[in-house]
Amino acid sequence: MTTLPARAERRCHNAVNPLHSCLFFSPDLGAEMGKIGIEAPSAAYFATRAAAFGAVGAGTVTATFYNFNPVLVARHVPAVWETASPEVVLEARLRAADSTLRRLLGEEIIASDEMAEAARLALRATEACTPHARPLYAAHADLPVPEEPHLAFWHAATLLREHRGDAHLAALLGAGLDPLESLVSHTATGKGMAIRWILSSRGWRRTDWEAASERLRERGLLEAGEELALTEAGTALRAEVEEATDRMDIAPYEHLGAEGVERLTELARGFLFTAAAAGAFPGSATGRG
């Protein structure tokens with residue numbers, strides 16, 4: 001039984017997570033990865049998120065990233081580690097996070113008491129994160145916490161994001177949604193990514209998308225016809241996925257307490273307002289369905 005206000009953990013996640021994931025749309029990341037020889041966008045994304053594992057193969061990335069076509073993953077992994085080691089990638093990632101946050105938030109916010117407070121609160125929340133059945137979180141939890149507050153905040157946001165993300169994959173599996181069905185059903189909620197962008201970034205073909213859509217229709221989760229719309233059962237299933245994710249991700253926010261969660265949400269929303277005004281969020285930054 002939670003002591004937090006209803007969906008307080010989800011609101012906090014929704015405020016903090018974009019400050020982690022904006023990195024993947026930042027030109028700073030492309031520039032830093034280019035300096036170490038990784039220029040293909042998909043290769044840069046896989047390397048950046050998987051580097052905490054070490055030099056893993058395509059199977060680990062496919063399993064933990066969930067909704068990417070295995071063919072696309074295998075095109076870049078493990079070959080990317082021949083270009084740059086995971087250690088070099090992690091160093092480049094942190095440099096990109098530093099320059100991205102400085103550019104989007106400005107030096108005054110970076111050096112502010114509010115940023116230091118946000119870092120303390122976010123790190124305190126991560127004290128209750130658990131590694132079991134959470135591979136991406138566990139790998140990132142082994143990394144050192146940066147000393148500078150804005151990077152410590154970004155690190156903590158990464159841990160909270162991957163902790164929730166790993167739980168979300170468990171919820172998708174429990175709901176019987178395979179990688180592409182997860183993307184189709186999420187898009188059908190009206191909150192997902194554009195289909196064209198999904199297909200290009202995740203490596204799927206339009207025929208794959210249509211096949212997944214048909215499977216959902218056969219299960220009574222997607223309405224018949226050309227329009228991508230969930231049935232009542234489909235809407236209920238997607239809500240169940242989000243609620244299950246909330247339940248499995250409640251511990252960090254319970255640990256922080258209602259007052260701490262409210263304050264972290266407030267601080268993160270303030271940072272988001274500044275970052276959004278600087279053009280930080282041209283599209284969705286989520287990597288899971």
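Reader: In this predicted model, why does glutamate 107 count as partly exposed?

Author: Glutamate 107 has a relative accessibility of 47%, and since buried means under 20% and exposed means over 50%, the value falls in between, so glutamate 107 counts as partly exposed.

Reader: What makes the pairing of arginine 102 and glutamate 107 a salt bridge?

Author: The side chains of arginine 102 and glutamate 107 meet at 2.7 Å, N to O, and because the rule asks for a side-chain nitrogen of Lys or Arg within 4 Å of a carboxyl oxygen of Asp or Glu, the pair qualifies as a salt bridge. Arginine 102 is itself partly exposed, with a relative accessible area of 25%.

Reader: Why is histidine 163 called buried, and which residues does histidine 163 touch?

Author: Histidine 163, found in helix α11, has a relative accessible area of 1%, and because buried means under 20%, histidine 163 is called buried. Not counting residues up to four places away in sequence, histidine 163 touches Cys129, Thr130, Arg134, Tyr137, Met248, Asp249 and Pro252. One of these, Asp249, is also linked with Arg10, Arg164 and Asp246 in a network of salt bridges.

Reader: Is aspartate 166 buried or exposed, and how do you know?

Author: Aspartate 166, also found in helix α11, has a relative accessible area of 5%, and given that buried means under 20%, the conclusion is that aspartate 166 is buried. The C-alpha atoms of aspartate 166 and alanine 133 are separated by 7.6 Å, although these residues are 33 residues apart along the chain.

Reader: What makes glutamate 210 and arginine 206 a salt bridge, and where do they lie?

Author: Their side chains meet at 3.2 Å, N to O, and because the limit is within 4 Å, glutamate 210 and arginine 206 form a salt bridge. Both lie in helix α14, four residues apart, about one turn of the helix. An α-helix has 3.6 residues a turn, so residues three or four places apart point the same way.

Terms used
Residues numbered from 1 in each chain as written. Predicted model: local features only at pLDDT ≥ 70, side-chain atom pairs only at ≥ 80, totals over all residues. Heavy atoms only, no water. Helix = DSSP H or I, 4+ residues; strand = E, 2+ residues; numbered from the N terminus. Buried < 20%, exposed > 50% of the residue type's maximum accessible area, 1.4 Å probe, protein only. Contact = heavy atoms within 4.5 Å.
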